[in-house]
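Let's learn to read a protein structure by asking simple things about it, one feature at a time. Take a look at the model first, then follow the dialogue.

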Amino acid sequence: IRDTQVREVFEKNIREGEAKIEDGRAQLRQAKETIEEGREELARGEEQLGEMKALIDAAEARLVQGQALLESGRRKAADTGNESLMDVVSLAEQIYAILRDNWYYSGEQYLDGITAYLNGKKQLEEGERQYAEGEEALRSAEEQLADAKKRAGSIESCRWVILSNRGNPGFIYADANAEKLGSLSLSFSPIFLIVGAMVIYATIARMVEQQRKMIGVHKALGVFNREIFAKYLLFALTAVVIGIGLGVLLAWLPMQRAVLSSYEEHLNYGMGTRAFLPVETALVFAGGIGISVVAVYLGCSGLLRQTALALIQETPSVKRTKSVRSARRSLFARLIFRNMKIDWARVLVTIISIAGGCMLMVVGFALRYGITGVPARQFGGIMTYDAEVIYDAGAHPEAGTEAEAILDGEGLQHVRLLRQETVYEMNETLNALTLIVAEDGALDGYYNLQDIQTGRPSGLPESGALVPRRFSEYYGLGPGDDVTVFDTALNRLSLPIAGVFENFYGQIFFLTPQGYEAVFGTAPQSNCLFVKTGGMPLEELQQKLAGVEGITAVRDAAAERSMIEQFTVGLNFVVYLMLFIAAMMSCFIVANFTMTFIQKKTTELTIMRINGFSVRECIRYVVLDLVVTTVLGTLLGLIAGGPMGVRILRVTETPYIQMLREPRVESFVFAALFTFAFSLLANGVALRRIRKLKLTDIG
């Protein structure tokens with residue numbers, strides 16, 4: 001905003017202030033006139049009361065004399081017995097009574113006049129007091145107006161800071177969730193595309209294998225390969241379109257609603273609305289159709305290249321030998337590797353499918369441990385204090401000392417420091433950070449600061465600040481760089497970075513008092529105590545400090561756990577949902593290929609039974625093939641899942657939250673166990689067909 005616009009704002013305020021002051025002066029002049037009139041009326045009332053008082057006093061003296069004369073006449077009349085004199089005395093008494101009543105009435109008027117006079121005098125005094133207060137308020141307003149004029153005249157440059165939605169912490173966490181869910185979906189999408197292609201390929205491959213004789217008959221009758229291919233392509237496209245349509249419908253109704261409901265419970269912005277993205281949906285349909293075309297081609301091309309006679313005939317793959325029992329061990333090994341070599345496409349797709357499912361499980365468990373492990377690592381491993389006591393040092397300078405005295409009396413360890421919320425600017429965006437200012441060594445045992453380069457405890461530097469690892473990584477800043485921060489007047493200041501420490505939650509910078517004063521120009525004033533409660537309940541600590549005036553909050557040091565829960569509220573749901581779907585798809589692929597494999601080996605397995613192999617040995621022959629593919633797929637998934645898990649963990653991080661990145665053995669162990677369990681479940685149903693083999697199947 002230009003300086004002229006700023007001056008216009010000041011001048012408008014000045015004009016309004018001058019108008020208000022002029023109105024106040026007019027009101028004071030009117031009040032002064034009213035007070036003068038009141039004083040004149042009080043003076044006249046006082047003069048009239050004096051005159052009335054003199055008349056009343058004279059009348060009272062005459063009444064006393066008249067009463068004495070009446071008493072004397074009454075005695076004389078009684079002594080002489082003169083009736084005429086008695087009548088005169090009676091008439092005098094009546095006249096006296098009339099005069100006395102008039103005197104009492106005049107006295108009451110006099111008293112009422114006094115009361116009215118006193119009330120008027122009181123109102124006059126109140127008016128004079130209000131007038132004095134008005135004069136004082138007018139002087140204060142004139143001083144403020146003069147100060148405003150002085151400031152308006154001294155304006156050289158001005159900067160407005162306008163906060164966007166990023167100034168709202170709730171919006172930041174909601175936006176971070178949405179951003180990370182998008183990144184997460186992009187990370188999982190390639191895996192789902194591969195697994196989806198494997199599902200289509202497995203389904204088509206099994207179908208054409210079961211219908212190989214029918215395909216041979218069609219080719220013998222003159223049906224072209226392109227017509228046969230079109231038949232299976234139409235089937236695949238129909239299934240893909242219907243499946244994607246159902247998936248979009250499920251995502252639109254229950255899945256979006258479930259995610260939005262989970263956000264509503266933790267973030268204070270309501271339920272939100274479901275969204276439909278037509279462009280992205282069209283791309284999904286196009287991608288599914290393209291994948292289905294490729295999968296159908298790969299599934300059909302092998303059989304379509306064969307002749308009709310080769311498709312109709314089925315030549316046994318294993319011939320009867322003279323010494324089956326003696327060669328059984330070598331025969332098993334030769335058959336397994338021969339099957340894998342001949343049917344390499346099935347083996348490769350099965351290994352890839354199992355590897356994809358196993359990799360997703362490794363990633364899922366890595367995310368689970370990486371997310372859920374943050375609170376324990378942060379609020380216990382790094383932040384080792386139990387409570388924070390916040391007080392207003394400006395309004396109550398003795399609050400910190402009084403609180404420390406109570407803590408000392410309870411035998412609780414504590415350290416005094418400055419905890420200041422401020423704002424920094426990065427990439428033309430304002431964000432919040434917390435400054436912790438304490439003497440070097442004062443935080444030992446309360447906050448474990450570990451240098452990311454040496455891995456050793458880090459002391460506080462004399463100048464500059466220690467910043468968290470995630471902040472350094474996100475913005476590409478390190479020792480020697482500067483961060484633009486703002487003081488309470490929103491003046492730009494340059495804060496140098498002196499080191500980087502390990503931290504998993506929050507943007508917290510650590511400085512010494514000397515480093516703080518060098519940046520902000522003022523000595524820091526402590527307003528916080530880190531306390532080790534020694535097992536004392538937080539409610540009890542709050543009660544003990546309740547009598548200290550100036551304490552604004554006594555809170556749990558781990559109170560911000562809920563912020564991490566807000567961030568991870570949607571991630572866990574989506575991760576587990578994706579893992580479940582991927583596991584089901586992998587299970588479906590393995591079951592399909594096992595059924596196809598047994599279908600192709602029906603004749604071979606029947607001949608093995610004729611040659612004396614038991615049902616268990618036939619199952620073992622098939623299972624060994626499946627075990628090899630499962631083991632290879634699991635190993636490949638474990639190898640690929642480690643780096644993939646680290647990458648997705650990094651994708652889900654924000655400038656405020658760093659995940660636990662170190663690999664967890666449990667992730668690989670559980671992923672391998674679940675992969676074997678799903679493989680066993682998928683193969684169990686298919687292997688039951690071996691028990692139902694009949695000799696007629698050889699025909």
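Q: Which residues form one aromatic cluster?
A: Tyr424, Phe471, Tyr474, Tyr475 and Phe509 group together in one aromatic cluster. Rings of Phe, Tyr and Trp (its six-membered ring) count as a pair if their centres lie within 6.5 Å; planes under 30 degrees apart are called stacked, over 60 edge-to-face, and the rest tilted.

Q: Before we go on, what kind of model is this?
A: This is a predicted model, where local features need pLDDT of at least 70, side-chain atom pairs count only at pLDDT 80 or more, and totals for chains, interfaces and linings use all residues. Residues are numbered from 1 along each chain as its sequence is written, and side-chain values use heavy atoms, with hydrogens and water left out.

Q: How do I read a pair of rings, and how many aromatic pairs are there?
A: A pair of aromatic rings is described by the distance of the centres and the angle of the planes. Here the count comes to 13 aromatic pairs. Take Tyr385 and Phe530: their ring centres are 3.8 Å apart and their planes sit at 5 degrees, so this pair is stacked. Tyr385 is in the loop between α9 and β1 (387–391) while Phe530 is in strand β8, so the pair ties together parts that are 145 residues apart in sequence. Helices (H or I, at least four residues) and strands (E, at least two) are DSSP runs, numbered from the N terminus.

Q: Are Tyr385 and Phe530 buried or exposed?
A: Both Tyr385 and Phe530 are buried. Buried means under 20% relative accessible area, exposed means over 50%, and partly exposed is in between (1.4 Å probe, protein chains only).

Q: Where do Tyr516 and Phe520 lie?
A: They both lie in helix α12, four residues apart, about one turn of the helix. An α-helix has 3.6 residues a turn, so residues three or four places apart point the same way. The rings of Tyr516 and Phe520 have centres 4.5 Å apart and planes at 20 degrees, so that pair is stacked too. Tyr516 is buried at 6% relative accessible area, and Phe520 is buried at 12%.

Q: Which residues of helix α12 are buried?
A: In α12 (residues 513–520), the buried ones are Pro513, Gly515, Tyr516, Val519 and Phe520. Looking down the axis, they fall within an arc of 160 degrees, so they line one face of the helix. The arc is taken from the directions from the helix axis to the C-beta atoms. Their cover includes β2 (413–426), β3 (429–437), β5 (482–486), β6 (492–501) and β7 (508–511). After α12 comes Gly521, with a positive phi near 80 degrees.

Q: What are the buried residues of helix α4?
A: In α4 (residues 212–220) they are Arg212, Ile215, Gly216 and Lys219. They cover an arc of only 100 degrees around the axis, which puts them on the same side of α4. Met214 is also found in α4, but at 41% relative accessibility Met214 counts as partly exposed.

Q: What does the largest nonpolar core look like, and which residues have the most contacts inside it?
A: In soluble globular proteins, nonpolar side chains tend to be buried together. A nonpolar core is a set of buried Ala, Val, Leu, Ile, Met, Phe, Trp, Tyr and Cys residues joined through side-chain atoms within 4.5 Å. The largest one here has 36 residues, and Leu417, Leu443, Tyr447, Phe510 and Phe530 have the most contacts inside it. The elements giving two or more residues to this core are α9 (344–382), β2, β7, β8 (528–532) and α16 (615–652). Its largest share, seven residues, comes from α9. A second, separate core of 27 residues includes Ile200, Ala205, Phe229 and Ile589.

Q: What does Phe510 touch?
A: Contact means heavy atoms within 4.5 Å. Not counting residues up to four places away in sequence, Phe510 touches residues including Ile436, Leu443, Tyr447 and Phe501.

Q: Which residues is Glu404 in contact with?
A: Leaving aside neighbours within four places in sequence, Glu404 is in contact with His414, Arg416 and Leu529. Glu404 has its place in helix α10 (residues 399–409) and is buried, at 18% relative accessible area.
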